[in-house]
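Have the model open as you read.

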Amino acid sequence: MNLNPTNQLYLYNHNFEFTNFINLYKSQKLPNKILLSGEKGIGKSTLAYHIINYVLSIDEDHSYDLKNFKVNPENKSFKLILNKSNPNFISIDIEDDKKSIDITQIRNLILSLNKSSFNKKPRFVLIDNIELLNINSVNALLKILEEPNDNIYFILINNNKKILPTLKSRCLNYKIHLASNQSLDITNKILNENCLNLIHEQI
């Protein structure tokens with residue numbers, strides 16, 4: 001079972017938060033520096049990917065399905081993100097052999113953002129696990145957060161860990177959470193079965 005947020009077609013809750021972000025975008029009030037904070041594994045990154053797909057797919061075939069809160073797998077932007085080749089999307093996360101997000105990754109991000117976009121679509125930068133940024137990476141990131149280029153949106157994901165106040169203060173912080181009944185509902189949807197049926201009755 002692949003639970004990577006990149007290819008989650010369904011939102012699985014957070015519909016209220018998603019709708020709020022989309023309404024902000026429609027009214028041209030979506031903050032360009034968003035911090036999503038909450039416990040790890042509750043769907044913050046999946047929420048971010050759905051917001052991004054909605055925006056990037058607006059004028060494309062197989063655009064986002066707002067009625068069902070679903071990404072269309074035939075959508076061009078979705079496929080490009082899966083292939084890590086979407087020019088309007090940059091993802092940064094800790095690399096497999098590293099203990100922190102290092103400054104080289106942020107420098108490469110800066111180089112990419114300084115290149116002009118070949119289309120007029122917004123560009124999104126998604127940085128997951130920002131608590132794993134080292135001090136040099138944070139300082140480099142702060143510089144581009146202070147004066148981001150036009151039509152660029154940053155979405156940072158924090159897993160309820162301590163981060164530098166200077167980084168937090170530059171973003172609008174949205175606290176994401178799930179109630180226990182919502183967690184159970186999501187589990188049932190992912191398994192396509194009532195998870196309580198899978199637990200031995202003696203337990």
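**Around Asn-134**

Leaving aside residues up to four places away in sequence, Asn-134 touches Ser-100, Ile-101, Asp-102 and Ile-103 (contact means heavy atoms within 4.5 Å). This is a predicted model, where local features need pLDDT of at least 70, side-chain atom pairs count only at pLDDT 80 or more, and totals for chains, interfaces and linings use all residues. Numbering runs from 1 along each chain as its sequence is written, and side-chain values use heavy atoms, with hydrogens and water left out.

- Asn-134 sits in the loop between E3 and H5 (helices are DSSP runs of H or I with at least four residues, strands are E runs with at least two, numbered from the N terminus).
- Asn-134 and Ser-100 are 34 residues apart along the chain, with 6.0 Å between their C-alpha atoms.
- Asn-134 counts as partly exposed because its relative accessibility is 23% (buried is under 20% relative accessible area, exposed over 50%, partly exposed in between, with a 1.4 Å probe and protein chains only).

**Helix H5**

- H5 covers residues 135–146, and its buried residues include Val-138, Leu-141 and Leu-145.
- Those buried residues of H5 pack against E1, H4, E3, E4 and H6.

**H4 against H5**

- On the H4 side, Ile-103, Ile-106, Leu-109, Ile-110 and Leu-113 meet Asn-136, Ser-137, Ala-140, Leu-141 and Ile-144 in H5.

Key:
Expected span 1.5 Å × (residues − 1).
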